[in-house]
Amino acid sequence: MGDAEIIPIGTRGKPGRGSGSVKPSSSARSLATRQPGAQQARTAPKKPVARRAAPTDTVPVEHTAAPTATTPEAVTIPTPRAPSQAAAIISEPADHRHPTSGIPAVDWLSGFTSAAVEVFGENWEPRLAAFLAFLRRRLTGDYSVDEYGFDAEITQRFFMTAIRPVAEKWFRIEVRGVENIPAAGGALVVSNHSGTVPIDGMMTAISIHDHAHRFLRPLGADLVFKLPIVSEMARKGGVTLACNEDAERMLRGGEIVGVWPEGFKGIGKPYSERYKLQRFGRGGFVSAAIRTGVPIIPTSVVGAEEIYPLVGNIPSLARLLGVPYIPITPFFPLLGPLGLIPLPSKWIIEFGEPIRTDDYDPGAADDPMLVFNVTDQVRETIQQTLYGLLMQRKSVFG
């Protein structure tokens with residue numbers, strides 16, 4: 001029987017009678033170009049050729065019998081193959097490989113180095129080593145705090161780092177008179193208090209740390225140590241309960257102690273009374289300074305009054321919650337959490353000339369008239385400095 005024209009399966013072609021020639025006709029060749037897998041015009045059997053398959057693969061089975069008019073040369077029959085056999089002959093395409101299987105180690109190292117430069121800067125190796133050493137000390141307990149709970153490493157690495165951008169970029173603090181901060185020994189920093197929220201204490205601390213290279217040890221109110229999370233952070237940041245005994249011990253130990261004699265009356269006063277100092281208490285800070293013989297540094301802060309302009313208060317709710325006041329500002333609680341963002345006012349912090357106390361007799365701290373006079377001197381110095389700074393300031397936000 002002569003050769004028959006090959007009609008591949010699925011080509012929708014009509015069967016013909018054949019040309020009687022061994023060579024396929026032009027119609028067969030045109031059909032074979034559209035489906036190359038069907039052109040198998042060979043009389044001798046061939047070895048199966050491995051091909052790439054989809055996840056559910058079919059393997060071609062070739063019939064090697066002599067072609068007849070009723071028998072096609074090659075028929076592809078879907079035959080499932082065992083997974084182990086398919087894996088042996090089917091190679092996985094390169095674009096289907098795992099994304100990390102072909103990445104060289106040098107590329108991993110290059111990517112890690114680039115990430116380290118982005119996070120730690122150009123000198124990333126010593127910075128990374130210092131950070132890992134810090135983690136090791138924290139995990140093993142190889143660090144120390146003083147008797148008041150002050151953690152100098154945590155304060156310098158985290159607290160100061162966190163508030164420094166706020167001081168430099170948001171409030172743009174201008175520091176004056178930093179030379180009046182002693183390089184060694186104890187001193188008492190006395191400042192005005194304002195701002196609805198005591199942010200001025202943190203800004204004063206970062207200014208002394210960055211410009212005088214010393215830690216400020218603030219004296220905090222009882223409320224600070226009653227708050228669950230704030231109390232722990234305050235202790236680690238160097239805040240100590242405002243009492244004469246702790247203040248005198250730190251001053252004798254050579255610490256820079258900060259006090260804000262106006263208290264809650266200062267930070268909670270209305271915006272209409274801004275920069276008008278409230279009463280300075282009974283002068284306990286002056287007694288501590290006289291007993292220890294350290295200088296008193298009057299400090300004036302301009303700019304904090306405008307970050308949360310206090311226009312109202314809710315005293316009944318404040319008493320219910322046990323806080324001094326519930327502030328109402330032009331943006332809070334009207335704007336919700338957005339109202340808690342402080343306004344970017346321009347700050348000026350000036351450290352005045354020290355008021356010496358080492359010339360007084362040891363028993364002068366018990367003289368109420370002397371203590372009152374020194375207290376009034378400190379208050380008047382701060383008030384006059386505030387007026388002078390306000391006259392020099394061109395605008396609130398400029």
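Aspartate 151 and arginine 138 are both buried, where buried means under 20% relative accessible area, exposed over 50% and partly exposed in between (1.4 Å probe, protein chains only). This is a predicted model in which local features need pLDDT of at least 70 and side-chain atom pairs count only at pLDDT 80 or more, while totals for chains, interfaces and linings use all residues. Residues are numbered from 1 along each chain as its sequence is written, and side-chain values use heavy atoms, with hydrogens and water left out.

Aspartate 151 has a relative accessible area of 1%. Its place is the loop between helix H4 (124-140) and helix H5 (152-170); helices (H or I, at least four residues) and strands (E, at least two) are DSSP runs, numbered from the N terminus.

The whole structure holds 17 salt bridges, each being a side-chain nitrogen of Lys or Arg within 4 Å of a carboxyl oxygen of Asp or Glu. Aspartate 151 forms one with arginine 138. Arginine 138 lies in helix H4 and aspartate 151 in the loop between H4 and H5, so the pair ties together parts that are 13 residues apart in sequence. A network of salt bridges links Arg137, Arg138, Asp151, Glu153 and Arg157.

| Pair | N to O distance |
|---|---|
| Aspartate 151 and arginine 138 | 2.8 Å |
| Aspartate 146 and arginine 217 | 3.1 Å |
| Arginine 176 and glutamate 174 | 3.0 Å |

Aspartate 146 is partly exposed at 27% relative accessibility, whereas arginine 217 is buried at 1%.
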